[in-house]
Structure formats: C-alpha cells, structure tokens
Amino acid sequence: MSADREWINPLEAHITMRFDAALIRAFEHHVQFEEVPTATVNPIFLSVKDVDSGTVNNRLTPGGMVGLRGRDLKFNPLAEDEGIFLLPTNGQGGNVIKMTKFLDNSHSRLSFSVPTDLAPGATYMLEVCVRKRGCKALRSSVFETELIIA
C-alpha cells in the first residue's frame, strides 16, 4: 500500500453501488452480469475502552462504563441469544455473563455498564452476538484480547 493511502482502515471502508433498471438494460448486451453471494459478516471490533480508567483494550472496571467501537454491532436487547457477553477465560470457571445496562446500541458503537460483582483479577473475553433484520442466523465475534477486572 502506498504511503498516501495508509490512512484507510479496510475494516471501516466499504463501497455500495446500485444501478437502476434503465442503465442495466442499456448495457445488458455488452456486459455480463453475475450474482455473487456475499460473505457472512460478523461483528467487527475496533476498540474496547474502559471509561473509568481511560484504558483501551485491556481492562474493565466493575460498575464502570465501557465503550465498544466497531462494525455490525447493533443487536436486539430483547432477544435472549443476542447481546454483549463476558466469557470467563480458560481454567477460571464461572458462567457466561450477559450485559443488561446499555447507553448506546448502534451499528458502530456499543456502550454498556460492567456488573459490580465481578472479582478483581478475573479475566474475560468479550463476545457480541447479533442477528441481522430478516435473518435467522445468529452471528457472533469474540474480542481477541483478554480483559482483566481491575
């Protein structure tokens, strides 16, 4: 990639093109159109910020707010299998914890409150599960970095 294009983040960039029927008819004898299935799009994480400590991608403060930035994050808070979940890391035991208090729930930003009863020093992975409107398939992603309760 050239130096003048390094500012483009491929996870945030996309192009959508639409053609009207008249344009398609004008070119249908000169161009071959092919329907190509799109890849499954799971939620994408860009950063997890613990607002209370000001740290990014490494800790969670019990009772504090967390800001999650990414793509395709919006979920239905009324669905049992959709939402933001804390997954205990290996060897730690414990149950999966579903977040229940939200400030933002959009496609690019989630803000939520961390439960107050988490043990200091425990580590969790963050998972977001979503279902696109009109789609039955549940899509999920796990943030690659362990988050420590501090």
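This is a short tour of the chain, from the whole fold to a few single residues.

The model is predicted: local features need pLDDT of at least 70 and side-chain atom pairs count only at pLDDT 80 or more, while totals for chains, interfaces and linings use all residues. Residues are numbered from 1 along each chain as its sequence is written, and side-chain values use heavy atoms, with hydrogens and water left out.

Start with the whole chain in cartoon view. One helix and eleven strands are there; helices (H or I, at least four residues) and strands (E, at least two) are DSSP runs, numbered from the N terminus. Of the 150 residues, 30% are buried, where buried means under 20% relative accessible area, exposed over 50%, and partly exposed in between (1.4 Å probe, protein chains only).

Next, select L68, I84 and L126. These have the most contacts inside the largest nonpolar core, which has 22 residues. Such a core is a set of buried Ala, Val, Leu, Ile, Met, Phe, Trp, Tyr and Cys residues joined through side-chain atoms within 4.5 Å. Strands that each supply at least two of its residues include β1 (44-50), β4 (65-71) and β5 (83-88). The largest share, four residues, comes from β9.

Stay on L68 and show its neighbours. Among the residues that L68 touches are F45, V48, L110 and V128, leaving aside those up to four places away in sequence. Contact means heavy atoms within 4.5 Å.

Now go to the loop between β2 (55-56) and β3 (59-60) and select N57. N57 is not a glycine, yet has a positive phi of about 65°. N57 is partly exposed, at 24% relative accessible area.

Finish at D72, in the loop between β4 and β5. D72 also has a positive phi, about 55°, but counts as buried at 17% relative accessibility.
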